[in-house]
Amino acid sequence: MENITSNYLARAEIWLCISTLIYFLMNGAQIFETLVFVPKWTVSPPDNFKLLLDGKGVSLKNFWIGFHSLHEITFILALIFCWKIDPVKNWLLILFAVHIAVRVWTLAFFAPNIINFQKMVGEQAPSIDLINRTSLWQTLNYIRVAIFIAISCGLIPLCIKLFSMRQ
């Protein structure tokens with residue numbers, strides 16, 4: 001580990017704590033969405049898919065794009081400012097890689113399915129396939145949210161490690 005100044009350490013602490021805080025705020029929104037909103041639109045497909053439409057339902061697209069963008073910027077800044085602190089940097093890289101993998105999964109599976117569900121608004125009878133798809137989406141969403149929560153919990157020991165370096 002290179003010579004770490006107190007100024008460098010302070011910036012590392014600030015950005016890691018900001019990133020951790022934003023991650024936990026994001027988790028709160030994800031938990032709320034998973035426990036309150038998702039059950040409402042998955043309970044009766046495609047009738048309740050109208051809840052997913054922009055302007056007619058709860059538009060979460062802009063909210064999540066903004067929230068994830070803000071968080072990813074702070075996560076990258078935490079990585080930059082913790083770069084000289086090897087034990088923290090290495091775990092941050094692992095957590096960031098898992099985070100990016102889940103984001104790719106989100107963009108490859110969750111987002112396209114939501115878009116398809118939105119296109120089905122107004123269709124009549126649900127098919128068994130559609131019921132299975134919404135059920136799968138909901139189940140996998142539980143796993144996705146749990147992974148995001150695990151990542152944010154993984155940031156806590158890193159914050160503690162940084163704060164303990166001051167002594």
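Guide: Nonpolar patches are made of residues with over 30% relative accessible area and no salt bridge, nonpolar side chains such as Val, Leu, Ile, Phe and Tyr being joined within 5 Å. The model discussed here is predicted.

Visitor: Which residues form the nonpolar patch on the surface?

Guide: The nonpolar patch consists of Ile31, Phe32, Leu35, Val36 and Tyr142, and their accessible area together is about 480 Å². Helix H1, residues 6–42, gives the most to this patch, with four residues.

Visitor: What makes Val36 partly exposed?

Guide: Val36 has a place in helix H1. Its relative accessibility is 36%. Partly exposed covers values between the buried cut-off, under 20%, and the exposed one, over 50%; Val36, at 36%, therefore counts as partly exposed.

Visitor: How do you know that the span of H1 agrees with its number of residues?

Guide: At 1.5 Å a residue, the 37 residues of H1 should span 54 Å, and the end C-alpha atoms are 51 Å apart, so the two values agree.

Visitor: Why is His71 called buried?

Guide: His71 lies in helix H2, residues 61–81. Buried means under 20% relative accessible area; His71 stands at 0% and therefore counts as buried. Leaving out residues up to four places away in sequence, His71 touches Ser19, Ile22, Tyr23, Met26 and His99. Its C-alpha atom is separated by 16 Å from that of Cys159, 88 residues apart along the chain.

Visitor: Which other residues of H2 are buried, and what covers them?

Guide: Besides His68 and His71, the buried residues of H2 are Trp64, Phe67, Glu72, Thr74, Phe75, Ala78, Leu79 and Phe81. What covers the buried residues of H2 includes H1, H3 and helix H4, residues 128–164.

Visitor: What makes the pair of Arg103 and Glu72 a salt bridge?

Guide: A salt bridge requires a side-chain nitrogen of Lys or Arg within 4 Å of a carboxyl oxygen of Asp or Glu. In the pair of Arg103 and Glu72, the closest N and O atoms are 2.6 Å apart, and therefore the pair forms a salt bridge. This pair links distant parts of the chain, with Arg103 in helix H3 and Glu72 in helix H2, 31 residues apart. Arg103 and Glu72 are both buried.

Visitor: How many salt bridges does the structure hold, and how do you know that Asp86 and Lys89 form one?

Guide: The structure holds two salt bridges. For Asp86 and Lys89 the closest N and O atoms are 3.5 Å apart, a value within 4 Å, so this pair also qualifies. Asp86 and Lys89 both lie in helix H3, three residues apart, about one turn of the helix. An α-helix has 3.6 residues a turn, so residues three or four places apart point the same way.

Visitor: Why are Asp86 and Lys89 classed as they are by accessibility?

Guide: Asp86 has a relative accessible area of 32%, between 20% and 50%, and is therefore partly exposed. Lys89 has 13%, under 20%, and so counts as buried.

Visitor: What makes the peptide bond from Pro45 to Pro46 cis or trans?

Guide: Omega for this bond is near -5°, and the bond is cis. Pro46 lies in the loop between H1 and H2.

Technical notes
Residues numbered from 1 in each chain as written. Predicted model: local features only at pLDDT ≥ 70, side-chain atom pairs only at ≥ 80, totals over all residues. Heavy atoms only, no water. Helix = DSSP H or I, 4+ residues; strand = E, 2+ residues; numbered from the N terminus. Buried < 20%, exposed > 50% of the residue type's maximum accessible area, 1.4 Å probe, protein only. Contact = heavy atoms within 4.5 Å. Patch = residues over 30% accessible without salt bridge, like charges linked within 9 Å, V, L, I, M, F, W, Y side chains within 5 Å. Areas by Shrake-Rupley, 256 points an atom, 1.4 Å probe, with all protein chains shown as cover. Expected span 1.5 Å × (residues − 1).
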